[in-house]
Amino acid sequence: EIFIARLGFAVPTPASIEAIRPYAPLVEVGAGSGYWAYELRRAGIKVAATDPGTGKYRHHRGGEDSPSGHWTEFWVDIERLNALEAVRAYPDWNLLVVWPDLDAAWPREALAACGGEWALYVGEGRGGCTADNGFHDLLDSAFTEEKVSDLPQFYGLHDRLMIYRR
């Protein structure tokens with residue numbers, strides 16, 4: 001719980017950061033603690049980190065208790081926007097979604113509304129623990145998978161970085 005609250009389910013590698021570089025600027029929806037945005041910015045990649053702060057792994061600044069009872073901090077400033085607000089605020093930016101909530105509508109809504117040519121998705125793919133069938137249906141019907149990169153994985157998970165072109 002502490003690791004997930006601080007870093008998330010998927011951890012970027014130097015290779016995944018470099019694979020993402022050509023697709024900036026990015027709007028990351030559901031950024032959580034902002035760890036991916038932090039690593040991308042550290043590499044000089046332009047990314048806006050957004051999250052409404054309402055999910056199970058929401059984080060608090062200033063020493064408030066997290067849902068798991070542990071204190072945590074953000075890695076970067078997070079714009080408090082839901083997914084639709086975020087893609088509307090950054091209409092031409094490419095979309096980055098890292099481990100979107102299982103069976104939630106917001107990843108699909110963001111994907112449908114994003115204005116960028118590229119969608120970058122970190123998760124398990126169809127049938128896994130991320131997004132809903134509608135999200136995967138939209139990826140299959142409106143986008144073409146261009147690149148897949150492996151990531152470190154927790155036991156039993158099958159994370160990958162998948163890059164799609166509209």
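Which side chain makes a polar contact with the side chain of Glu39 at 3.2 Å? That of Arg42. A polar contact here is a pair of N or O atoms within 3.5 Å; within protein, one must be able to donate a hydrogen and the other to accept it, and residues adjacent in sequence count only if both atoms are side-chain atoms.

Before I go on, the ground rules. This is a predicted model, in which local features need pLDDT of at least 70, side-chain atom pairs count only at pLDDT 80 or more, and totals for chains, interfaces and linings use all residues. Residues are numbered from 1 along each chain as its sequence is written, and side-chain values use heavy atoms, with hydrogens and water left out.

Now the overview. The protein has six helices and six strands. Helices (H or I, at least four residues) and strands (E, at least two) are DSSP runs, numbered from the N terminus. In order from the N terminus, the elements read α-α-β-α-β-α-β-α-β-α-β-β. Of the 166 residues, 48% are buried. Buried means under 20% relative accessible area, exposed over 50%, and partly exposed in between, with a 1.4 Å probe and protein chains only. The accessible surface comes to about 8,000 Å². Carbon and sulfur atoms hold 50% of that surface. Those areas come from the Shrake-Rupley method with a 1.4 Å probe; for residues, only the protein chains shown count as cover.

Contacts next. A contact means heavy atoms within 4.5 Å. Take the contacts with a separation of 6 or more: 63% of them join residues 24 or more positions apart.

Back to Glu39. Its place is helix α3, residues 35-42. Buried in that helix are Tyr35, Trp36, Ala37, Glu39 and Leu40. Glu39 has a relative accessible area of 15%. Its side chain also makes a polar contact with the side chain of Tyr35, at 2.9 Å. Leaving aside residues up to four places away in sequence, Glu39 touches Pro12 and Ile17. Just after α3, Gly44 takes a positive phi of about 85 degrees.

On to salt bridges. Side chains of opposite charge can pair when their charged atoms come close. The cut-off: a side-chain nitrogen of Lys or Arg within 4 Å of a carboxyl oxygen of Asp or Glu. How many does a search of the whole structure find? Seven. I will walk through some of them.

Start in α3. Arg42 and Glu39 form a salt bridge, with the closest N and O atoms 3.2 Å apart. Both lie in helix α3, three residues apart, about one turn of the helix. Arg42 is exposed, at 61% relative accessible area, while Glu39 counts as buried.

Next, Glu117 and Arg165. Their closest N and O atoms are 2.4 Å apart. This pair links distant parts of the chain, 48 residues apart. Glu117 sits in the loop between α5 (106-113) and β4 (118-123), and Arg165 in strand β6 (residues 160-165). Glu117 is partly exposed at 37% relative accessibility. Arg165 is partly exposed too, at 35%.

Last, Asp137 and Arg126. Their side chains meet in a salt bridge at 2.9 Å, N to O. Asp137 lies in helix α6 (residues 133-142) and Arg126 in the loop between β4 and α6, so the pair ties together parts that are 11 residues apart in sequence. Asp137 counts as partly exposed, at 40% relative accessibility. Arg126 is partly exposed at 44%. There is a further partner: Arg126, Asp137 and Asp140 are linked in a network of salt bridges.
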